[in-house]
Amino acid sequence: MTFEREGPLSPESELELVQQLLAGDERAIRNLYGRFGRPVFTLGLRLLGSMEAAEELTQDVFVAAWRKASRFDSSRGRLSTWLMAIAHNLAIDRLRHERGAGRPVLVLVDEMPEPAPSEEESHLIDRETARRALSGLSATERQLLTLAYFHGWTAREIAEADGIPLGTVKTRLRTALIKLRKAQQEQALEEARLYDGGVL
Amino acid sequence: MTCGEVRDNLSEHALGLLTSEDQREVERHLRWCAGCRRESAELLEGVASVALSLPPAEPPMPLEPQVVGRVSAAAGRVRTRGYRRGIKMLAAATLGAAVLATSAVGWGVRQRSQAEQAQDQLQTVKLRTANFSKLIGQFKQQLNSAGKLYEASLFPLSRREEGGTALLYGEPDGRGWVLVDVVASLDQSAGPFTVNLVSATGQRLAAGILTKTQNKDYVLLRRDLPDDFTRPDAVELSNVMALEVIDRFGTRLLTGTVHQFVKTPPTP
């Protein structure tokens, strides 16, 4: 099977791509990198604060993806979700390990520059979807998510720092993530409609 | 953990903020709880959307070949280390027989002449090999060609001339099989002898008890692993890193590392 780097993958194609990755197929590795290398690198840069750390993280993420490929379950979510979870977890592990030593400058989720004009449309749509989803969160929810996602603070740490009950923090985090997911799901349906209609 | 406790932790699980122990507990629960698994999937999608919202930074050009090189090297190292692709059941049986035969040739000196003893032992090994080959044949007939095959050579912690072979087979629908054959002089008073599957995290699942055959080897053939693997503390076949044989005191007698074969066996 030949995988195109652009355009959404069906669950079957995602599974096959992961199986090819597991087998060490170089084309599959390149395909996966082509689709997700940039967001993984971006996340690394934002969380870890340096090009070098982001490059190391990106390599580690794809090796980890190969190592865990036999456990990818398409019924539990998309390939992008799985891979970005690996990326975020590895970055947070590194961040928490280095906690207290030269913390990087963080970009808050609502401080984002305008996209470059040469950007591929599929990436634009993904990001625009996510931006709109984030704008649907309350200021408190955005702040909590920033502390958890970008700082790696646990719910307990956030609760202690802000002086709010632990249960409240957990509930708000959950609500924020569910809102994000719902907004993305609605946009994904719209995107699929546009893709099938030949607009994309 | 109960469903309530797991759901209380699912947001932090999705954000990668749990301790290793809590992470393992949650993952273990998610293997068998569809409701919590559904919620976990939703929260993970929410988390992924945060990453996607970031303005993209362009990775340097050399990063792609570096990534490809590292993953290819890792995959290649595993193949070199013995995780061979395309090894068929027959080859695995041959390997098992070869292990037994090699062990037999190296067995030690007794009261009778060395030549007589070697001849006796070789005969015994031939019988044992034939027995194991027959077991392999029976095992093979019942396998689904779409499953995953694993193999381990078992080595004793004391007497070097003894040992065993294990084969594990995981079917696509989650059913699992294990076949173990051990050639060893086990102290019967220390029995029963249990075969444990050991995960990468040190988790142990008792696969069964070895039965002594007329040929004086010990065999375990288990076809119903999933009944145990559905327990929250069960071990996933794909996560099994090693096998061990222990006596009733918990003393480890034999141990071996599990290797996964990527290619599935041919349809019988």
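# Close-up views of a predicted two-chain model

**Figure 1. Chain A, read along its sequence, follows the pattern α-α-α-α-α-α-α-α.** Welcome to this structure, which is a predicted model. Chain A has 8 helices and 0 strands. Of its 200 residues, 47% count as buried. Take the contacts in chain A between residues at least 6 apart in sequence: 65% of them join residues at least 24 apart.

**Figure 2. Chain B brings together 7 helices and 9 strands.** Chain B has 268 residues, and buried residues make up 50% of them. For chain B, counting contacts between residues at least 6 apart in sequence, 63% link residues at least 24 apart.

**Figure 3. Strand β3 of chain B is largely enclosed by the rest of the structure, because 8 of its 8 residues are buried.** The strand covers residues 176-183. In a regular strand, side chains alternate between the two faces of the sheet. Here, B:G176, B:V178, B:V180 and B:V182 point one way from β3(B), while B:W177, B:L179, B:D181 and B:V183 point the other way. Which strands pair with β3(B)? One is strand β2 of chain B (residues 163-170), which pairs with β3(B) in the antiparallel sense over 8 bridges. Look for B:L168, whose bridge partner in β3(B) is B:V178. Another is strand β7 of chain B (residues 218-222), which runs antiparallel to β3(B) and is joined to it by 5 bridges. On that side, B:V180 has B:L220 in β7(B) as its bridge partner.

**Figure 4. Chain A and chain B meet in a contact that takes 57 residues from chain A and 49 residues from chain B.** The size of an interface is often given as the accessible area lost when the parts come together. Between them, chain A and chain B bury about 5300 Å², with 66% of it on carbon and sulfur atoms. On the chain A side, A:Y33, A:R76 and A:R181 lose the most area to chain B, together 14% of what that side buries. The rule finds 10 residue pairs in polar contact across this interface. Several helices of chain A each supply at least two residues to the side that touches chain B, among them α3 (51-68), α4 (79-97) and α8 (166-196). Which helix gives the most to that side? The answer is α2(A), with 10 residues. The residues of this side of chain A divide into 29 nonpolar, 11 polar and 17 charged.

**Figure 5. A:R181 of chain A forms salt bridges with B:E45 and with B:E42.** Side chains of opposite charge can pair when their charged atoms come close. Between A:R181 and B:E45, the closest N and O atoms are 3.2 Å apart. For A:R181 and B:E42, the N to O distance is 3.8 Å. B:E42 lies in helix α3 of chain B (residues 34-52) and A:R181 in helix α8 of chain A, so this pair joins two chains. Is A:R181 buried or exposed? A:R181 is buried, with a relative accessible area of 16%, whereas B:E42 is partly exposed at 25%. Across the interface of chain A and chain B, the rule finds 8 salt bridges.

**Figure 6. A:K170 and B:D8 meet through their side chains in a salt bridge (3.2 Å, N to O).** The pair crosses between chains, from helix α8 of chain A to helix α1 of chain B (residues 3-14). A:K170 is buried, with a relative accessible area of 13%, while B:D8 is partly exposed at 42%. A:T154 sits 16 residues from A:K170 in sequence and 9.5 Å from it in space, C-alpha to C-alpha. A:T154 belongs to the loop between α6 and α7 of chain A. With 13% relative accessibility, A:T154 counts as buried. Leaving aside neighbours within four places in sequence, A:T154 is in contact with A:R96, B:E12 and B:L17.

**Figure 7. B:V68 lies in helix α4 of chain B (residues 63-80).** B:V68 has 3% relative accessibility and so counts as buried. What does B:V68 contact, leaving aside its neighbours within four places in sequence? Its contacts are A:E26, A:I29 and A:R30.

**Figure 8. B:R28 and B:E25 form a salt bridge, with their closest N and O atoms 3.0 Å apart.** Both residues lie in helix α2 of chain B (residues 20-32), 3 residues apart, about one turn of the helix. B:R28 is buried at 16% relative accessible area, and B:E25 is partly exposed at 26%. Elsewhere, salt bridges that share partners join A:E56, A:D60, A:R94 and B:R70 into one network.

Notes
Residues are numbered from 1 along each chain as its sequence is written. Chains are lettered from A and ligands numbered from 1 in the order in which they are written. This is a predicted model: local features need pLDDT of at least 70, side-chain atom pairs count only at pLDDT 80 or more; totals for chains, interfaces and linings use all residues. Side-chain values use heavy atoms; hydrogens and water are left out. Buried means under 20% relative accessible area, exposed over 50%, partly exposed in between (1.4 Å probe, protein chains only). Helices (H or I, at least four residues) and strands (E, at least two) are DSSP runs, numbered from the N terminus. Two strands pair if DSSP finds at least two bridges between them. Contact means heavy atoms within 4.5 Å. Buried area is the accessible area (1.4 Å probe) that two parts lose on being put together, summed over both. A salt bridge is a side-chain nitrogen of Lys or Arg within 4 Å of a carboxyl oxygen of Asp or Glu. A polar contact is a pair of N or O atoms within 3.5 Å; within protein, one must be able to donate a hydrogen and the other to accept it, and residues adjacent in sequence count only if both atoms are side-chain atoms. Ala, Val, Leu, Ile, Met, Phe, Trp, Tyr, Cys and Pro count as nonpolar, Asp, Glu, Lys and Arg as charged, and the others, Gly among them, as polar.
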